[in-house]
Amino acid sequence: MKETVNVGILGFGTVGSGTARILLENRDLLSVRAGCDVVLKWVCDKDTVTDRGVELPDGVLTDKIDNLLDDPELDIFVELIGGIEPARSFILRAIEKGKHVVTANKALLAAHGLEIFSAAAEKGVEVAFEASVGGGIPCIKGLKEGLVANHISTIIGIMNGTANYILTRMTRYGDTFQEVLKDAQRLGYAEADPTYDVEGIDTAHKLVIMSTIAFGQKVTLDQVYTEGISRITPTDIAFASELGFIVKLLAIGRLSNGQIEVRVHPTMIPEDHLLSHVQGAYNAVYFMGDAVGKVMMYGMGAGQMPTGSAVVADIVDIARNISVGSANRVPSLGMPFASLKEAEIKPMDKVICKYYFRFMVKDSPGVLSKISGVLGENGISIQSVVQKGRDSEGAVPIVMVTHEAEEARVNAALDTISHIDFVLDQPLTIRIEDLDSLEDSL
Ligand code: HSE
């Protein structure tokens, strides 16, 4: 029985200072819950001058990473600097030295997770990463432990607060993508370079992590189809609303016949579905399990204290295991690393769903029949068509909703349509997921 577990944090930024604050302020509570004293022994950052609003005990703050990595008494190494390097090398060194690792670094895990988990398995240490997905929502623990009884068939997540904030404002106030993005940057909600958030890359990182655990397959980032929200206009949001849908940036992982779909894209979902009510910077993750049915978890997907809450949860989990000598009681990926299978991914071309298309065209006779003709030739059946008034230049949006169609056929049809001379712009597509409406549960 170990009585003290020593923790070292690398990175004293937003999440690092939140984590330190919780460890210091809640030390008694955490120690009672962990069954051992959880001690913040080191905080390492290049910048040891800036006031982070957390008073560290003397001798804790350092700018020398070796103070952590070479400390034989350090049990848990917490990486909170983000990015690929040097985070990857420091984590591998910590593992090599037999230290357990906690990280919030989804980009690193999505790109190099298999290398890190394999090294940790060899060394018999834990790698925990609750804060990498859904901020403060315990969705990884929920999946690995709470839903352990289930074959998971579906994960659907709103996993990026920035994108969800932008879409929420566009939906509520009719603002354009660029207007909201500028505001979000001014208010500090969006990064100066928002590419990862708005182009779906951050969401794809999170989907790699969640689908690896849910389906027990080694999913890699290049297997995830990724499309962002930057081409969505208020016109699309307004059409969606007329059709009874809300537009969300979704991460979708679905297992059928042994193959998994992993895709991130703007999606229309029924406006009365629970996920449609996830607003602003909030995140939610929705699972479908064969025993439990539908489960949804909701909460703050980012922020100093919610993310710190998830990091500390991992620290306490590991401290509990260390104190009773049962490291890796729950494997990092929900099953022993050696049991994970190579991923069998359903090619995006084979994915089937309903589609919303918006074509910007010159308003002239025969346009509609030409477009529907091409769709018909490709076996795509139209469910409804809406055309609204011309703009000052005579351009008009034609909106179509299809019945279920295969992605390959849709791409072939859109390629032909985009080359027709009266089509003024690249067609805009938004996939539609019917999901189950709330009505179904009444
Ligand atoms: N950049 C992420 C978001 C937060 O906007 O949700 C951290 O994962």
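This is a predicted model: local features need pLDDT of at least 70, side-chain atom pairs count only at pLDDT 80 or more; totals for chains, interfaces and linings use all residues.
**Exercise 1. The shell around the ligand**

Task: Find which residues surround the ligand, then sort the shell by class.

Solution: 
- Step 1. List the neighbours. The ligand is surrounded by Lys106, Asn160, Gly161, Thr162, Asp197, Asp202, Lys206 and Ala302.
- Step 2. Sort them. The shell has four charged, three polar and one nonpolar residue.

**Exercise 2. Contacts and cover**

Task: Which protein atoms lie 2.6 Å from an oxygen atom of the ligand, and how much of the ligand does the protein bury?

Solution: 
- Step 1. Look at Gly161. A polar atom of its backbone is 2.6 Å from a ligand oxygen.
- Step 2. Look at Thr162. Here an N or O atom of the side chain is 2.6 Å from an oxygen of the ligand.
- Step 3. Turn to the surface. Alone, the ligand exposes 260 Å². The protein buries 81% of that.
- Step 4. The space it takes is the largest pocket. Two elements give two or more residues each to the shell: helix H7 (161-173) and helix H10 (201-215).

**Exercise 3. Buried or exposed?**

Task: Decide whether Val102 and Asp51 are buried or exposed.

Solution: 
- Step 1. Locate Val102. It is in strand E5, residues 100-103.
- Step 2. Apply the cut-off. Buried means under 20% relative accessible area. Val102 has 0%, so Val102 is buried.
- Step 3. Locate Asp51. It is in the loop between strand E2 (37-44) and strand E3 (61-62).
- Step 4. Apply the other cut-off. Exposed means over 50%. Asp51 has 69%, so Asp51 is exposed.
- Step 5. Val102 and Ile9 are 93 residues apart along the chain, with their C-alpha atoms separated by 9.1 Å. Asp51 and Val127 are 76 residues apart in sequence, and their C-alpha atoms are 30 Å apart.
- Step 6. Find a contact of Asp51. A polar atom of its side chain lies 2.8 Å from the backbone nitrogen of Gly53.

**Exercise 4. A serine in a helix**

Task: Where does Ser31 lie, and which side chain does its own side chain contact?

Solution: 
- Step 1. Ser31 belongs to helix H2, residues 27-34.
- Step 2. Its relative accessibility is 14%, so Ser31 counts as buried.
- Step 3. Its side chain makes a polar contact of 3.0 Å with the side chain of Asp37.

Definitions and conventions: Residues are numbered from 1 along each chain as its sequence is written. Side-chain values use heavy atoms; hydrogens and water are left out. A residue is near a molecule or strand if one of its heavy atoms lies within 4 Å of it. A polar contact is a pair of N or O atoms within 3.5 Å; within protein, one must be able to donate a hydrogen and the other to accept it, and residues adjacent in sequence count only if both atoms are side-chain atoms. Accessible areas come from the Shrake-Rupley method with a 1.4 Å probe; for residues, only the protein chains shown count as cover. On a 1 Å grid over the protein atoms alone, a cavity is a set of points where a 1.4 Å probe fits but cannot get out, and a pocket is an open set with protein on both sides within 12 Å along at least five of seven lines; lining residues have an atom within 4 Å of a point. A molecule sits in a cavity or pocket if more than half of its atoms lie within 2 Å of its grid points. Helices (H or I, at least four residues) and strands (E, at least two) are DSSP runs, numbered from the N terminus. Ala, Val, Leu, Ile, Met, Phe, Trp, Tyr, Cys and Pro count as nonpolar, Asp, Glu, Lys and Arg as charged, and the others, Gly among them, as polar. Buried means under 20% relative accessible area, exposed over 50%, partly exposed in between (1.4 Å probe, protein chains only).
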